[in-house]
Amino acid sequence: MDIRLVKEKDLIQLATVYKKAFNGSSFAEDWTEKTAFEFVKWLFEKQKDLFFIAIENGKIVGGVAAFAKRWWNGINLSDLEIFVEPSSQKKGVGSALLKRLLEESLRKYNVTYIDGLTTGEISFPLNWYQKLGFKKDNMVHIWAEVKDTLKELS
Ligand SMILES: CC(C)(COP(=O)(O)OP(=O)(O)OC[C@H]1O[C@@H](n2cnc3c(N)ncnc32)[C@H](O)[C@@H]1OP(=O)(O)O)[C@@H](O)C(=O)NCCC(=O)NCCS
């Protein structure tokens, strides 16, 4: 397996991998080729030096991305996105991608922490992260429909 930085010409194939990984996951998201492409392109444009892909037999099988975010304690790696094509999961691809991202962001930005969101409803992938040293804290993910909140505010 080869791991390298993503290039713009990889994005179409990578979008398909992203779509399959998340539509087929416990998150049961509903990405289309178009929305997945727009998303990986947005990630790419936001921070391409911390966006890696894994290639096996000439095919993209996974990707990892995060942003170097300035914070009071220095620079942290934020908003982790990691995904592996379902037929290539459980073969070490995800761990290898994460390792590469951490090594590179430490070298380049001297990052301190890494954070991301996952579900607390089911054991995987939370237990995968915990085995790798991630901790769950008491922060709560909050969200609203913008129109609902605007109504409350009017
Ligand atoms: C999470 C993900 C990136 C892990 O990638 P991967 O290549 O399968 O990970 P690895 O092969 O490096 O590690 C797999 C480990 O997780 C376990 N695992 C993998 N898939 C699992 C599943 N569906 N249920 C339970 N355990 C699972 C494996 O048994 C293995 O455990 P081990 O280290 O004790 O052997 C991948 O499953 C994925 O893309 N999932 C869908 C997208 C997603 O959930 N991304 C994270 C969002 S928070």
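Predicted model: local features only at pLDDT ≥ 70, side-chain atom pairs only at ≥ 80, totals over all residues.

The buried residues themselves I listed as Leu 11, Leu 14, Ala 15, Val 17, Tyr 18, Lys 19 and Ala 21. I then checked the length of helix 1, whose 13 residues reach 18 Å from first C-alpha to last, close to the 18 Å expected at 1.5 Å a residue.

Next I turned to the packing against helix 2 (residues 33-46), which meets helix 1 (residues 11-23) at an angle of about 115°, with the axes 8 Å apart; the crossing is right-handed. On the helix 1 side I noted Leu 11, Ile 12, Leu 14, Ala 15, Thr 16, Tyr 18 and Lys 19, and on the helix 2 side Glu 33, Ala 36, Phe 37, Phe 39, Val 40, Lys 41 and Phe 44. Sorted by class, this contact holds 10 nonpolar, 1 polar and 3 charged residues.

I went on to the largest nonpolar core, which has 28 residues, and found that Leu 14, Val 17, Tyr 18, Val 40 and Leu 97 have the most contacts inside it. The elements giving two or more residues to this core are helix 1, helix 2, strand 2 (51-56), strand 3 (59-71), strand 4 (74-84) and helix 3 (93-109), and helix 1 gives the most, with 6 residues.

Last, I followed Tyr 18 on its own: leaving aside neighbours within four places in sequence, Tyr 18 is in contact with Trp 31, Ala 36, Phe 39, Val 40, Gly 63 and Phe 83.

Terms used: Residues numbered from 1 in each chain as written. Axes fitted to C-alpha atoms, helices over the stretch in contact; angles between N-to-C directions. Helix = DSSP H or I, 4+ residues; strand = E, 2+ residues; numbered from the N terminus. Left-handed = near helix turned anticlockwise from the far one by under 90°. Contact = placed C-beta atoms within 7 Å. Nonpolar A, V, L, I, M, F, W, Y, C, P; charged D, E, K, R; others polar. Core = buried A, V, L, I, M, F, W, Y, C linked by C-beta atoms within 7 Å. Buried ≥ 20, exposed ≤ 12 C-beta atoms within 10 Å, placed from the backbone. Expected span 1.5 Å × (residues − 1).
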